[in-house]
Amino acid sequence: MTFPIQKTDAEWRALLAEKGAEPAAFEVTRHAHTERPFTGKYEEVWADGSYHCICCGNHLFDAGTKFDAGCGWPSFWKAIPGAITEITDRSHGMARVETVCSQCGAHLGHVFEDGPAPSGLRYCMNSASLEHQPE
Ligand SMILES: [Zn+2]
């Protein structure tokens with residue numbers, strides 16, 4: 001799969017360092033690592049505003065769709081239409097749906113069908129993949 005924004009690993013590392021991203025951000029976004037639960041900086045953040053891809057700034061979620069899933073990762077019940085691409089992930093012996101940024105392919109997390117109404121979806125995200133912008 002190719003995405004509109006293409007950079008080398010070295011370019012992503014430099015860009016994330018320049019933005020002051022979390023140390024885990026490169027491995028999470030470019031190599032699909034998962035941060036440990038209850039360690040991410042946005043899990044307990046309930047401020048207004050919006051959430052963007054840490055790599056390219058793509059607007060992914062509005063803060064109003066964030067909810068406390070109790071799973072240890074920031075969770076949302078609705079993504080901005082078209083912002084996220086879903087990929088079936090069969091690693092670790094499970095069939096899960098991986099979510100990546102539609103603009104740059106950054107790994108964000110997974111989406112599950114056990115979220116709250118009205119969508120029934122739970123976008124389980126890594127804090128390291130996100131950048132919160134206040135309104
Ligand atoms: Zn992106």
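How many helices and how many strands does the chain have? I opened the notebook with this count, working throughout on a predicted model, and I found two helices and nine strands. Reading from the N terminus, I noted the order of elements as α-α-β-β-β-β-β-β-β-β-β.

**Entry: overall dimensions**

I looked up the radius of gyration next, and the chain has 14 Å, which agrees with the value near 14 Å that a compact globule of 135 residues would have. The C-alpha trace spans about 40 × 35 × 25 Å along its principal axes. I also recorded that buried residues make up 35% of the 135 residues, and that, among contacts with a separation of 6 or more, 55% are between residues 24 or more positions apart.

**Entry: the record**

I checked UniProt, where an unreviewed entry lists residues 9–135 as "domain: MsrB". Over residues 9–135 I read 14% helix and 30% strand, with the end C-alpha atoms 31 Å apart.

**Entry: the sheet**

I then traced the strand pairing, and found an open sheet of six strands in the order E3-E4-E8-E7-E6-E5, with antiparallel pairing. Its edges are strand E3 (66–67) and strand E5 (84–89), each of which pairs on one side only. As a reminder to myself, strands of a sheet pair through backbone hydrogen bonds, either parallel or antiparallel. Looking at one pairing in detail, I saw that strand E4 (residues 75–76) and strand E8 (residues 122–125) run antiparallel and are joined by two bridges; in one of these strands, E8, Cys124 is the bridge partner of Ser75.

Is helix H1 well covered or hardly covered? I found that H1, at residues 9–19, is hardly covered, with one buried residue among its eleven. Just after H1, I noted that Gly20 takes a positive phi of about 70°.

**Entry: the nonpolar core**

Which residues of the largest nonpolar core touch the most other members? The core holds 27 residues, and those with the most such neighbours are Ala25, Cys53, Ile54, Cys101, Ala106 and Met125. I traced the elements that each supply at least two residues of this core, and they are helix H2 (25–31), strand E1 (50–53), strand E2 (59–62), strand E6 (96–101), strand E7 (107–112) and E8.

I followed two of these residues further. Ile54, leaving aside its neighbours within four places in sequence, is in contact with Leu16, Lys19, Ala21, Ala25, Thr29, Ala128, Ser129, Leu130 and Glu131.

Met125 lies in strand E8, and I counted it as buried because 29 C-beta neighbours fall inside 10 Å, where the cut-off for buried is 20 or more. Beyond its neighbours within four places in sequence, Met125 is in contact with Trp73, Pro74, Ser75, Phe76, Leu108, Gly109 and Leu130. I also looked up a distance from Met125 to Val111, 14 residues away along the chain, and their C-alpha atoms are separated by 8.3 Å.

**Entry: the loop between H2 and E1**

Ala32, in the loop between H2 and E1, has a positive phi of about 55° although it is not a glycine. Ala32 counts as partly exposed because it has 17 C-beta neighbours inside 10 Å.

His33 is also placed in the loop between H2 and E1, and I classed it as partly exposed because 14 C-beta neighbours lie inside 10 Å. Leaving aside its neighbours within four places in sequence, His33 is in contact with Ala24, Glu27 and Val28. From His33 to Thr99, 66 residues apart in sequence, I read 13 Å from C-alpha to C-alpha.

Phe38 is placed in the loop between H2 and E1 and has a positive phi of about 65°, although it is not a glycine.

Methods. Residues numbered from 1 in each chain as written. Predicted model: local features only at pLDDT ≥ 70, side-chain atom pairs only at ≥ 80, totals over all residues. Pairing = 2+ DSSP bridges. Helix = DSSP H or I, 4+ residues; strand = E, 2+ residues; numbered from the N terminus. Rg over C-alpha atoms; globule rule 2.2 N^0.38 Å. Buried ≥ 20, exposed ≤ 12 C-beta atoms within 10 Å, placed from the backbone. Contact = placed C-beta atoms within 7 Å. UniProt positions renumbered as here; feature names shortened; annotations may be inferred. Core = buried A, V, L, I, M, F, W, Y, C linked by C-beta atoms within 7 Å.
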